[in-house]
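Visitor: I have a model open and want a quick tour. Can we go through it together?
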Amino acid sequence: MPQAEQALAVLELVRSHAATALGHPTTDEVGAGRAFKELGFDSLIALELRNRLNAATGLKLPATLVFDHPTPAVLADFLRGEIVQDGSAAAAPGIAELEKLESALSVIDPDGETRSDIASRLQALLAKWGEPQAHSSGGAVAEKLQEATADELFDFIENELGI
């Protein structure tokens with residue numbers, strides 16, 4: 001999503017869960033700029049909202065969330081930052097470069113030999129990108145596990161994991 005849509009989506013998520021925690025049927029009474037205290041939040045309702053947002057976002061949010069971020073708008077900005085950081089921030093530079101590439105490719109002559117060369121190169125890159133990445137030690141560990149006997153596995157569990 002573009003940033004503006006992200007901001008609106010997260011704000012609506014916060015307002016919706018805040019309204020539910022307060023027992024309101026709609027988000028009409030949960031203004032983006034109204035303080036949670038003004039809306040009627042106490043410690044228990046704040047924890048309920050935090051738990052709902054934990055479940056909705058997959059984040060582990062602090063119990064003081066509503067007190068640290070006093071309005072739905074401020075809380076939504078915080079959540080968006082946490083979600084983007086965990087979700088797509090690492091991919092953002094790559095996405096930006098792909099957008100630049102897409103723009104550059106849009107001006108290439110559709111019948112030219114250059115287009116064919118670029119298409120071949122992009123297909124090769126896509127095939128390479130689609131290959132599963134082997135972790136440097138992950139492949140070796142998986143191989144050892146496949147080759148291990150039952151006794152070796154039990155010894156490992158007992159000695160290394162203390163079980």
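Visitor: Let's start with phenylalanine 36. Is phenylalanine 36 buried or exposed?
Guide: Phenylalanine 36 is buried, because its relative accessibility is 1%, under the 20% cut-off. Keep in mind that this is a predicted model.

Visitor: Which aromatic pair does phenylalanine 36 form?
Guide: Phenylalanine 36 pairs with phenylalanine 41. The geometry is edge-to-face. The ring centres are 4.9 Å apart, with 70° between the planes.

Visitor: And phenylalanine 41, buried or exposed?
Guide: Buried, since the relative accessible area of phenylalanine 41 is 8%.

Visitor: How many aromatic pairs does a search of the whole structure find?
Guide: One.

Visitor: Now the core. How many residues are in the largest nonpolar core?
Guide: The largest nonpolar core has 22 residues. Those with the most contacts inside it are Val14, Phe36, Phe41, Leu49, Leu53, Leu75 and Leu79.

Visitor: Which elements give two or more residues to this core?
Guide: They are α1, α2 (36-39), α3, α4 (65-68) and α5 (72-87). The largest share comes from α1, with seven residues.

Visitor: What is valine 14 in contact with, leaving aside neighbours within four places in sequence?
Guide: Valine 14 is in contact with Phe36, Leu49, Leu53, Pro72, Leu75, Ala76 and Leu79. As a general point, nonpolar side chains tend to be buried together in soluble globular proteins.

Visitor: Tell me about α1. How many residues does helix α1 have?
Guide: Helix α1 covers residues 3-22, so 20 residues by the DSSP run. From first C-alpha to last, α1 reaches 28 Å. That is close to the 28 Å expected at 1.5 Å a residue.

Visitor: Which residues in α1 are buried?
Guide: Gln6, Val10, Leu11, Val14, Arg15, His17, Ala18, Ala19, Ala21 and Leu22.

Visitor: What follows α1?
Guide: Glycine 23 follows α1. The phi of glycine 23 is positive, near 85°.

Visitor: Where is valine 30?
Guide: Valine 30 is in the loop between α1 and α2. Valine 30 counts as buried because its relative accessibility is 0%.

Visitor: Which residues does valine 30 touch, not counting those up to four places away in sequence?
Guide: Valine 30 touches Arg15, Ala18, Ala19, Leu22, His24, Leu39 and Pro72. Take alanine 18: it is 12 residues from valine 30 along the chain, and the two C-alpha atoms are separated by 7.2 Å.

Visitor: Switching to charges. How many salt bridges does a search of the whole structure find?
Guide: Three. In general, side chains of opposite charge can pair when their charged atoms come close.

Visitor: What does arginine 15 meet in a salt bridge?
Guide: The side chain of arginine 15 meets that of glutamate 12, at 2.8 Å from N to O. These two are separated by about one helical turn, because they are three residues apart in helix α1.

Visitor: Next one. Which residue forms a salt bridge with arginine 52?
Guide: Glutamate 48 does, with the closest N and O atoms 3.2 Å apart. Arginine 52 and glutamate 48 are four residues apart in helix α3, so about one helical turn separates them. Arginine 52 is partly exposed at 28%, and glutamate 48 is partly exposed at 31%.

Visitor: What about glutamate 38?
Guide: The side chains of glutamate 38 and arginine 34 meet in a salt bridge, 3.0 Å from N to O. Glutamate 38 counts as exposed at 52% relative accessibility. Arginine 34 counts as partly exposed at 32%.

Visitor: Where is asparagine 54?
Guide: Asparagine 54 is in helix α3, residues 43-57. At 18% relative accessibility, asparagine 54 counts as buried.

Visitor: What does the side chain of asparagine 54 reach at 2.8 Å?
Guide: The backbone nitrogen of leucine 61. Beyond its neighbours within four places in sequence, asparagine 54 is in contact with Leu59, Lys60 and Leu61.

Visitor: Zoom out. How many helices and strands are there in the protein chain?
Guide: Nine helices and zero strands. Buried residues make up 20% of the 163 residues in the protein chain.

Conventions:
Residues are numbered from 1 along each chain as its sequence is written. This is a predicted model: local features need pLDDT of at least 70, side-chain atom pairs count only at pLDDT 80 or more; totals for chains, interfaces and linings use all residues. Side-chain values use heavy atoms; hydrogens and water are left out. Buried means under 20% relative accessible area, exposed over 50%, partly exposed in between (1.4 Å probe, protein chains only). A polar contact is a pair of N or O atoms within 3.5 Å; within protein, one must be able to donate a hydrogen and the other to accept it, and residues adjacent in sequence count only if both atoms are side-chain atoms. Contact means heavy atoms within 4.5 Å. The expected span of a helix is 1.5 Å times one less than its number of residues. A nonpolar core is a set of buried Ala, Val, Leu, Ile, Met, Phe, Trp, Tyr and Cys residues joined through side-chain atoms within 4.5 Å. Rings of Phe, Tyr and Trp (its six-membered ring) pair if their centres lie within 6.5 Å; planes under 30 degrees apart count as stacked, over 60 as edge-to-face and the rest as tilted. A salt bridge is a side-chain nitrogen of Lys or Arg within 4 Å of a carboxyl oxygen of Asp or Glu.
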